[in-house]
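This report looks at one helix and its surroundings, then at a pair of packed helices. Please view the structure below alongside the text.

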Amino acid sequence: MFKKILIANRGEIALRIIRTCKEMGIKTVAVYSTADKDSLHVKFADEAVCIGKPQSSESYLNIPHLMAAAEITNADAIHPGYGFLAENARFAEICGEHGIKFIGPTPEMIRRMGDKMTAKETMIAAGVPVIPGSEGLLQSVEEAKVLAKQMGLPVILKATAGGGGKGMRVVWDESELENAYNMAKNEARAAFNNDGIYMEKFVEEPRHIEIQVAGDQYGKVCHLSERDCSIQRRHQKLVEESPSPFMTPELREKMGEAAIKAASAINYESVGTIEFLVDKHRNFYFMEMNTRIQVEHGVTEEVINFDLVKEQIKIAAGIPISGKNYTPQMHAIECRINAEDPYNDFRPSPGKITTLHIPGGHGVRVDSHIYAGYVIPPYYDSMVAKIITMAQTREEAINTMERALSEFVIEGVKTTIPFHQQLMRNEDFRKGNFTTKFTETFKLV
């Protein structure tokens with residue numbers, strides 16, 4: 001087992017990893033930018049190293065600084081968390097070149113799943129259902145027009161190196177296609193320095209349901225059931241839950257088998273997630289694979305009583321997994337609390353937290369790095385907490401979330417707590433009647 005792990009991340013996920021490492025008897029090294037010097041992950045780690053200025057490019061994305069921090073502290077492994085360099089194949093390679101274990105999949109696995117067209121081709125070869133679309137990257141707008149006519153509108157244009165909704169355009173009318181094509185390419189080039197785009201049939205009334213998987217270094221793969229991530233805004237997840245209210249035992253079995261096929265196709269090692277779009281007829285299609293721990297991993301942990309971060313570290317250390325497939329034994333819901341103003345188009349709201357009260361009680365888990373007096377910097381993602389409630393039934397979990405949100409006090413900045421409070425009271429949400437388009441018509445009062 002590793003003696004010391006450097007966490008190449010910040011905030012809530014860094015703190016989450018530190019806690020599991022402490023339970024495993026592993027020393028930890030926190031890294032931080034000058035803007036994060038007062039963050040809890042810095043205070044709770046055994047050692048801490050400043051790696052640069054507030055801008056991510058000069059700190060959390062600065063590979064030479066991270067490797068220097070690992071070497072001067074004698075860390076024998078690096079955990080990337082999520083975001084930043086978690087799915088950067090070159091970073092994983094550099095770790096290996098320096099004799100430091102990257103806690104995650106191999107560089108080749110990251111590359112194969114990081115490029116969406118390559119991932120899609122891999123899934124087709126593995127027999128995993130995929131959305132009908134172009135066989136490769138689009139070479140011209142003329143090609144896009146011909147293909148759209150063949151598939152039938154609506155279609156969606158996607159950046160091959162995309163994520164977070166960037167480089168993505170839905171086309172409902174043929175007259176919109178050329179403009180959408182050019183906008184998608186320009187946005188992809190600006191965001192990812194890669195303007196490659198492809199086309200897929202647009203799935204109407206979709207659910208976004210993902211399957212958590214784990215694979216070891218010995219070829220064994222299992223799934224740990226599903227999470228429903230359909231409540232989104234501009235392709236960014238807001239609420240996640242398990243089990244999905246749309247799921248049936250038959251669909252879970254089919255999706256679980258498909259997820260195992262997908263991970264096995266690249267001999268996947270580490271924890272990861274296979275993301276699917278599911279239409280109103282419960283047909284499901286591979287969307288992408290996340291080769292990292294995810295923000296919403298705590299939802300799965302609560303419904304199967306399993307530490308996914310610990311499993312990820314054990315896999316990296318060469319310990320085999322059990323290979324057992326899991327199904328939810330409880331119901332859990334997660335609300336992401338962001339420092340954003342939901343009454344002002346979710347505008348970011350950095351600043352000093354003057355008052356803080358974290359909710360508690362039976363069935364409530366809060367993962368957060370904030371405290372009264374903490375200053376939320378404007379340079380990073382706006383998420384400040386994840387609140388997870390769990391109960392025997394979905395209705396009970398929602399009721400517990402309502403109660404917990406009413407106790408959650410964050411003053412000094414605007415947060416998305418009011419959005420979540422109203423969502424939990426929404427009749428369609430409580431009945432499980434929602435798709436990825438739900439927030440487009442959901443109005444705050």
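## The end of helix α7

The model is predicted. Gly-152 follows α7 and has a positive phi, near 90 degrees.

Helix α7 spans residues 141–151. Its buried residues are Val-141, Ala-144, Leu-147 and Ala-148. Viewed down the α7 axis, these buried residues fall within an arc of 120 degrees, so they line one face of the helix.

The face turned away from that buried side carries Glu-142, Val-146, Lys-149 and Gln-150. These four residues are exposed.

## The α12 and α13 pair

Two packed helices are described by the angle between their axes and the distance between the axes. Helix α12 covers residues 394–407, and helix α13 covers residues 417–425. Their axes come within 10 Å. The crossing angle is roughly 150 degrees. Angles over 145 degrees count as roughly antiparallel, so α12 is roughly antiparallel to α13. The crossing of α12 past α13 is left-handed.

## Residues at the α12–α13 contact

From α12, the contact takes in Ile-398, Met-401, Glu-402, Leu-405 and Ser-406. From α13, Ile-417, His-420, Gln-421, Met-424 and Arg-425 meet them. By class, the residues of this contact divide into 5 nonpolar, 3 polar and 2 charged.

Conventions:
Residues are numbered from 1 along each chain as its sequence is written. This is a predicted model: local features need pLDDT of at least 70, side-chain atom pairs count only at pLDDT 80 or more; totals for chains, interfaces and linings use all residues. Side-chain values use heavy atoms; hydrogens and water are left out. Buried means under 20% relative accessible area, exposed over 50%, partly exposed in between (1.4 Å probe, protein chains only). Helices (H or I, at least four residues) and strands (E, at least two) are DSSP runs, numbered from the N terminus. The arc is that of the directions from the helix axis to the C-beta atoms. Axes are lines fitted to C-alpha atoms, for helices over the stretch in contact, and angles run from 0 to 180 degrees between N-to-C directions. Angles under 35 degrees count as roughly parallel, over 145 as roughly antiparallel, 65 to 115 as roughly perpendicular and the rest as oblique. A crossing is left-handed if the near helix is turned anticlockwise from the far one by less than a right angle, and right-handed if clockwise. Contact means heavy atoms within 4.5 Å. Ala, Val, Leu, Ile, Met, Phe, Trp, Tyr, Cys and Pro count as nonpolar, Asp, Glu, Lys and Arg as charged, and the others, Gly among them, as polar.
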